[in-house]
Amino acid sequence: MFQLQSSSSSLARYATSSFSIALFFNLHNIPTSLHSCPFSSQNDDVETIFNIVTTTPSNSLRASLKSTQILLSNDLIDKVLKRFRFSHQNPLQALEFFKLTGNRRGFYHSSVSLDTMLYILGRSRKFELVWDVLVEIRKKDQSLITARTVMVVLGRIAKVCSVRYTVDSFKKFRKLVPEFGVDCYNGLLRTLCQEKSMTDARNVYHVLKHGFKPNLQTFNILLSGWKSAEEAEEFFDEMKRMGVRPDVVSYNCLIDVYCKNREIEKAYKVFDKMREEDISPDVISYTSLIGGLGLVGQPDKARDLLKEMKEYGCYPDVAAYNAVIRNFCIAKRLGEAYKLMDEMVGKGLEPNATTYNVVFRTCFWSNDLVSSWSLYQRMRRSGCMPNTQSCMFLIRLIKRQEKVEMGLELWNDMVKNGFGSYVLVSDVLFDLLCIMGKLADAERCFLQMIEKGQKPSYVSFKRIKVLMELANKHEALKNLSVKMACIGSVSHVSQTDDCPIDSSSSELLPS
């Protein structure tokens, strides 16, 4: 029998006896346990549960999970939901799993699981379901709804909805969050900086600041989004006038905006100012400066900063190396970029997807499929999971050079390992397969995609449909048509909860 494990915070509140943490139930009740799954088998357990949830009908899901005898701990559930997030699987399947494992006496989801679930629903614009989940969580354990939850939800809403609707959604959290204070306010401002514009964030800041007391984090958020150095300086001065003392994050924002505007000398002066105030520049300070030196065509000087920062007791991380690698890629000096990747590994730093994508981009614009494919093989051997951007650089280059076998190998890797966006990659792959007359492969990939709970685009379907009609494959076409109709519009974008889709670059609140 599979089991559920209560979180430590839940145990502190509810584990007054062995019975309260190990209850055996029937249809609605599943036993819980204090024991954790062995680390060595955790990844296998995640894959097993993930595959069951994505392939099992709803009416037999509980029985299928029970038959595995796998302990469904908080940590395991977190990992399964993250697999849903990064594999772009059917959000409704993820929600069913979330409810099944969470709607039990004695078990409480972690805040990580909640936020991941809300992200998955929000990405698919299932906003009504987002609010339903939040209301249910408030009834069971309101403490799980945090300022981070606010930012996760608002981030997905702001991506497609108007500023006004985003602010109205923020106000709904007043009845949901235990402490609706400046941290939530800061989450709203950060969201607007990331998804809208600095003008929007600034206007909302002025409209709502009387209901919250802005703190250092508030100003750091607003400073981080400026593109204009002059406006950033003015806001920096306002912060000082309000008696808020800048910290390393504040100064890093100034360094960043100077570097993006190629004002490298001003960035160096900020470094001097920080040291005068006994504030040590950190790895982010140096990473921004490295990026700025790349923009002004000085990749070698940027590489020298890796050595200089060590002298000040600051050691480069993956992001710092990525910035230097990007500079050499911009300069089309791939040999130096590869050397830096090897240097990273030698220092115990593993290149991440961003590292590889920087090189993938250069190979793409150089039309160098051989180097791209070699880099992809290295990426997989190292255990680094490609993301959607990695896959798109590869599949577009593969299509350009009409390498069907490579395209199918990439697709099979995606299906097997669950990375990348099936919808985006499949559009390019199906286009290639149809151009090359590989109808059988197109049909197989089409069906694989549907089995994964992903709906191919109608453009791809129509192209395959035309070829099937020409090949007189009427039965196969009928099968695909039925599956397209039955799967439901997972990839279709619908407006839920009367969300006004934001078609403009900026919609300002009255200031």
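**Salt bridges and a helix pair in a predicted model**

At 25% relative accessibility, Glu 263 counts as partly exposed (buried means under 20% relative accessible area, exposed over 50%, and partly exposed in between, with a 1.4 Å probe and protein chains only). The structure is a predicted model, in which local features need pLDDT of at least 70 and side-chain atom pairs count only at pLDDT 80 or more, whereas totals for chains, interfaces and linings use all residues. Residues are numbered from 1 along each chain as its sequence is written, and side-chain values use heavy atoms, with hydrogens and water left out.

Side chains of opposite charge can pair when their charged atoms come close. Glu 263 forms such a salt bridge with Lys 266, with 3.1 Å between the closest N and O atoms; the term requires a side-chain nitrogen of Lys or Arg within 4 Å of a carboxyl oxygen of Asp or Glu. Lys 266 is also partly exposed, at 37% relative accessibility.

A second salt bridge joins Lys 399 to Asp 431, whose closest N and O atoms are 2.5 Å apart. This pair links distant parts of the chain, 32 residues apart: Lys 399 belongs to helix α23 (residues 388-400) and Asp 431 to helix α25 (residues 422-435). Helices here are DSSP runs (H or I, at least four residues), numbered from the N terminus. Lys 399 is partly exposed, with a relative accessible area of 29%, while Asp 431 counts as buried at 17%.

By the same rule the count comes to 16 salt bridges. One of them pairs Glu 195 with Lys 159, at 3.3 Å between the closest N and O atoms. Because Glu 195 lies in helix α11 (residues 182-195) and Lys 159 in helix α9 (residues 147-160), the pair ties together parts that are 36 residues apart in sequence. Glu 195 is partly exposed at 26%, and Lys 159 is partly exposed at 47%.

Helix α13 (residues 216-224) and helix α15 (residues 248-260) pack at an angle of about 10 degrees, with their axes 9 Å apart; axes are lines fitted to C-alpha atoms over the stretch in contact, and angles run from 0 to 180 degrees between N-to-C directions. The angle therefore makes α13 roughly parallel to α15 (under 35 degrees). The contact (heavy atoms within 4.5 Å) involves Leu 216, Asn 220, Leu 223 and Ser 224 of α13 and Val 249, Ser 250 and Cys 253 of α15.

Notes
Helices (H or I, at least four residues) and strands (E, at least two) are DSSP runs, numbered from the N terminus. Angles under 35 degrees count as roughly parallel, over 145 as roughly antiparallel, 65 to 115 as roughly perpendicular and the rest as oblique.
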